[in-house]
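Here's a quick briefing to read alongside the model. Have the sequence and the 3D view open, and let's go through it topic by topic.

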Amino acid sequence: MDEKLLFVSEHLRDSQTFSALCARYGISRRTGYKWVDRYQAEGAAGLLERSRRPREHPDQVPADVCRAILELRGRGRTEIGPKKIQALLRERLGGAAVPCRTTIYKILKQAGRIVPRRARRRVPLAGRPLRDAHQPNALWSADFKGQFLTGDGQWCYPLTIMDHASRYLLACRGLASTRTQTARLVFEQVFREYGLPERLRTDNGVPFASLGRGGLSKLSVWWIRLGIVPERIAPGHPEQNGRHERMHRTLKRAVARPAAANAQAQQQRFNRFSRGYNTERPHEALSQRRPGDVYAPSTQPYPARLPELVYPSYMQTHKVCDSGVMYWRARRIYIGHVLAQEQVGLEQIDDTLWDVWFGPVRLGSFDERDTRLGDDYLTIKKCYPCS
């Protein structure tokens, strides 16, 4: 304010040319004339800072349209989104201009009628493409059928395991939860009875996958240690495990409605269904043979001791600490708590670029020149699909 007053006073004294005066104060001639005109019209008050907000808003939505948007939004379970509100506005306003969906969303958000959802973290995509199987035990599939309440009010989570080629139902167990330890006990019993498969296909839910490196969970890490390659279908694509889903539809129709009185009675239903599905019910895809006539146990037995992973000679192997960190060349690389106390392999693919593997699963890669987080800390980049 003081600078403006000094500028105007010197101009009125006509001590030097207007251009030279503006240059001395570091302003343009246009700004100088603006200050002079405001001073002559309003006095010193005309030199006060003014709001730079536009006086007119050509894109501003009229108040009656805003009220209509909030009214059409509805309440509770009847709330509708911007797309439907826009369609209803066209009917109500006729030929008048209707705001775009983005503008409708902003109006609802400003009025507190929309709470932005937190972005959902998704399990990393599996790197390997899914492959079909034509021999028993080349591929098993596993899934949890939708949970339901038994007659005594307890939740039942049916865990099902099936051989892909023969459709043989290896297990159908009603569990009280989807906890890793509970599911692992079922898999141990199945492995001891039928041996080990080459691959095991699941969805991306608990306990088969996690948000960690490579989407691995404690259960899938155990499978890899046993020599089983885990496969995961793409999120939102249950048709990639269509044989298993078709079996679930038959299971639901046979035993889930109405539910049994308690967990023990429900398990008896599951057992009867498994026997009938495997030994009595012909299957069209098997040329009307029964799954039990086609399936044979695996020749790979369940080991008495969990074997260590063996990596190729061209890989460096390192052990992951309890904290989930691996130390490499005086650097720290975070691998993940799921792989604590496990051996991972490092494969050099360029002068400074390394791939990180856990068994057959590529966890990601890192560049030893990347020290943005500190001189001793390296970050694994997102995993990319295997070729």
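Helices (H or I, at least four residues) and strands (E, at least two) are DSSP runs, numbered from the N terminus. You're looking at a predicted model, where local features need pLDDT of at least 70, side-chain atom pairs count only at pLDDT 80 or more, and totals for chains, interfaces and linings use all residues. Residues are numbered from 1 along each chain as its sequence is written, and side-chain values use heavy atoms, with hydrogens and water left out.

**Overall build**
- The protein chain has eleven helices and 13 strands.
- Its radius of gyration (taken over C-alpha atoms) is 34 Å, while a compact globule of 387 residues would come in near 21 Å. That globule rule is 2.2 Å times the number of residues to the power 0.38.
- Of the 387 residues, 41% count as buried. Buried means under 20% relative accessible area, exposed means over 50%, and partly exposed is in between (1.4 Å probe, protein chains only).

**The positive patch**
- On the surface, Lys83, Lys84, Arg90 and Arg101 gather in a patch of positive charge. To join such a patch, residues need over 30% relative accessible area and no salt bridge, and like charges are joined within 9 Å.
- Lys and Arg count as positive, with the charge placed at NZ of Lys or CZ of Arg.
- Helix α5 (residues 82–93) gives the most to this patch, with three residues.
- Arginine 101 lies in helix α6 (residues 101–110), and it counts as partly exposed because its relative accessibility is 44%.

**Salt bridges**
- The structure holds eleven salt bridges, each a side-chain nitrogen of Lys or Arg within 4 Å of a carboxyl oxygen of Asp or Glu.
- One of them pairs arginine 24 with glutamate 10, with the closest N and O atoms 2.1 Å apart. This pair links distant parts of the chain, 14 residues apart: arginine 24 is in helix α2 (residues 18–25) and glutamate 10 in helix α1 (residues 2–13).
- Glutamate 188 and arginine 184 also meet in a salt bridge (3.3 Å, N to O). Both lie in helix α7 (residues 180–194), four residues apart, or about one turn of the helix.
- Glutamate 231 forms a salt bridge with arginine 201, the closest N and O atoms being 3.0 Å apart. Here strand β6 (residues 229–232) holds glutamate 231 and strand β5 (residues 199–202) holds arginine 201.

Terms used: Patch = residues over 30% accessible without salt bridge, like charges linked within 9 Å, V, L, I, M, F, W, Y side chains within 5 Å. Areas by Shrake-Rupley, 256 points an atom, 1.4 Å probe, with all protein chains shown as cover.
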